[in-house]
Each structure stands twice: as C-alpha cells, then as structure tokens.
Amino acid sequence: MEEILKYFPNLSENQIVQFQKLGPLYHDWNSKINVISRKDIDELYVKHVLHSLGIAKVMEFQPKSTVLDVGTGGGFPGIPLAILFPETRFYLIDVIAKKIKVVNEVATALGLKNVKAEQLRAENVKSDFDFIVSRAVTNMPDFVSWIKDKIKKQNNHGLKNGILYLKGGDLTEELKDFPKATLYNLSDYFSEEFFETKKVVHLPLKFKI
C-alpha cells in the first residue's frame, strides 16, 4: 500500500481505505477463484494495482467520461482506476465468468458505484467510449479490430480518444502499422525494477460512422 501513497499522495480518506481493502479482498477471492498467479498475489500492489495506475500518469480521466476495460481479468486496470477516478464510469468485461464474479464482488465490497462488469466479448459491446484500456490481452492489430468502432466522436481530454494499453518489451514490430501510437515509459514515473520495460501505449482512434 505504501507504493500507492508514494506516487499518489493526494488521495482522499475514502480512496486510501479502498486501496487498503484491495489486498485482503484479492487474497481472499484468489484463494477461492484463482484470478492472479500465486507468485504475483504477494506483490499485488506493485504488479497489479500500481501497474494499472500507470495509465493515470498519462491520462487524468474527466468526470462523466466513459472507459471500457477489455479482458479485465480480476479487475485490472479497471478497479484501481475506478477508485482513483470516482466520477468516471468504467465498464469492465471479460469472457471468463468466474473472473467477472470476482470483479463484481470486489466492486461491491469497495462501494464502487462507477463500475459495471459483465461477461462479454469486446466485439459484442454496443456502447462507445472515450477510452478503451487493457493490459496486454493480445497484440495491438487484433485488439484494434475488436474495438475500432467503439470510440466516441467528441474529445474532452488532453489526449485524443482511443486506446490506452499497458504492455511491456519491444513493441516496434507490433506497432509498425500504427504510426500515431505514442509510448510512455512507466520507468519515467515509477522507480521499481518491475517497471523498467513496462509502457503505456496511447493509440488515438477516429470515430467510425
């Protein structure tokens, strides 16, 4: 938890309590439904919570904006971002029902009113969003094909509407067909060794009629 306060010192009392609850909640649910690897659960706050919040170092979501989290797994990056941006609406989806069960239980336990979670494929989502976030669920060309028609036309943020993607390693080949993609190194924001190769990829996408 101290890692969160180190990089996000201006949290409200309620946000601090919510972040504190994440550890016990995920340890409990992970013992029933394995949504986080056994070796990672003890490093939940760095490898999952802080990693998710890397998006917040690149983008401050505006009140009433909408964000889709594709392949959320146990709720990352959506749950930590929903705590940090309580006036932004987050829609978390995954194809695996037991993972969505955990997301809903965690969101309820935290009192998050800005989270909706459903078992659903990205291609079947009917709404559109300011941003679509994810954590390395697939390669970028496939990901874009899933969600390219789900971006809102009106821009209300410093960055253009589109994808904010958490990914690591050398992305040169994967992004060669996306010249408008911008990479933000998380090592510029977080000092932990885990973030040395981790990035946020911003890919603006045009509204599709």
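**Figure 1. Helix H6 and what covers its buried residues.** Helix H2 (13-32), helix H5 (78-84), strand S2 (89-94) and S3 are among the elements covering the buried residues of H6. Contact here means heavy atoms within 4.5 Å. Helices (H or I, at least four residues) and strands (E, at least two) are DSSP runs, numbered from the N terminus. The model is predicted: local features need pLDDT of at least 70, side-chain atom pairs count only at pLDDT 80 or more, and totals for chains, interfaces and linings use all residues. Residues are numbered from 1 along each chain as its sequence is written, and side-chain values use heavy atoms, with hydrogens and water left out.

Figure 2. Helix H6 (residues 97-110) has 14 residues. From first C-alpha to last it reaches 20 Å, close to the 20 Å expected at 1.5 Å a residue; the expected span is 1.5 Å times one less than the number of residues. Its buried residues are Ile100, Val102, Val103, Val106, Ala107 and Leu110. Buried means under 20% relative accessible area, exposed over 50%, partly exposed in between (1.4 Å probe, protein chains only). Seen down the axis of H6, the buried residues fall within an arc of 155°, so they line one face of the helix. The arc is that of the directions from the helix axis to the C-beta atoms. An α-helix has 3.6 residues a turn, so residues three or four places apart point the same way.

**Figure 3. The seven-stranded sheet.** The sheet is open, with strand order S3-S2-S1-S4-S5-S7-S6 and mixed pairing. Two strands pair if DSSP finds at least two bridges between them. S3 and strand S6 (182-185) stand at the edges with a single partner strand each, so one side of each has no neighbour in the sheet. From one strand to the next, the twist averages 20°. Strand S1 (residues 66-70) and S4 run parallel, joined by three bridges. Asp69 has Val133 in S4 as its bridge partner.

**Figure 4. Helices on the sheet.** Helix H4 (residues 44-58) packs on the sheet and touches S4, S5, S6 and S7. The direction of H4 makes about 140° with that of S5. H7 lies across S1, S4, S5 and S7, running at about 150° to S5. Axes are lines fitted to C-alpha atoms, for helices over the stretch in contact, and angles run from 0 to 180 degrees between N-to-C directions.

**Figure 5. Salt bridges.** The count comes to 12, a salt bridge being a side-chain nitrogen of Lys or Arg within 4 Å of a carboxyl oxygen of Asp or Glu. Lys152 pairs with Asp130, the closest N and O atoms 3.8 Å apart. This pair links distant parts of the chain, 22 residues apart: Lys152 lies in the loop between helix H7 (140-147) and strand S5 (162-168), Asp130 in the loop between strand S3 (115-119) and strand S4 (131-135). Lys152 is partly exposed at 24% relative accessibility; Asp130 is buried at 2%. Asp149 bridges to Lys150 at 3.3 Å. Asp149 is partly exposed at 48%, whereas Lys150 is buried at 3%. Shared partners join Lys39, Asp40, Glu43 and Lys47 into one network.

**Figure 6. The surroundings of Leu205.** Leu205 is found in the segment after strand S7 (198-204). Leu205 is buried, with a relative accessible area of 17%. Beyond its neighbours within four places in sequence, Leu205 contacts Val144, Ile147, Lys148, Ile151, Asn161, Gly162 and Ile163.
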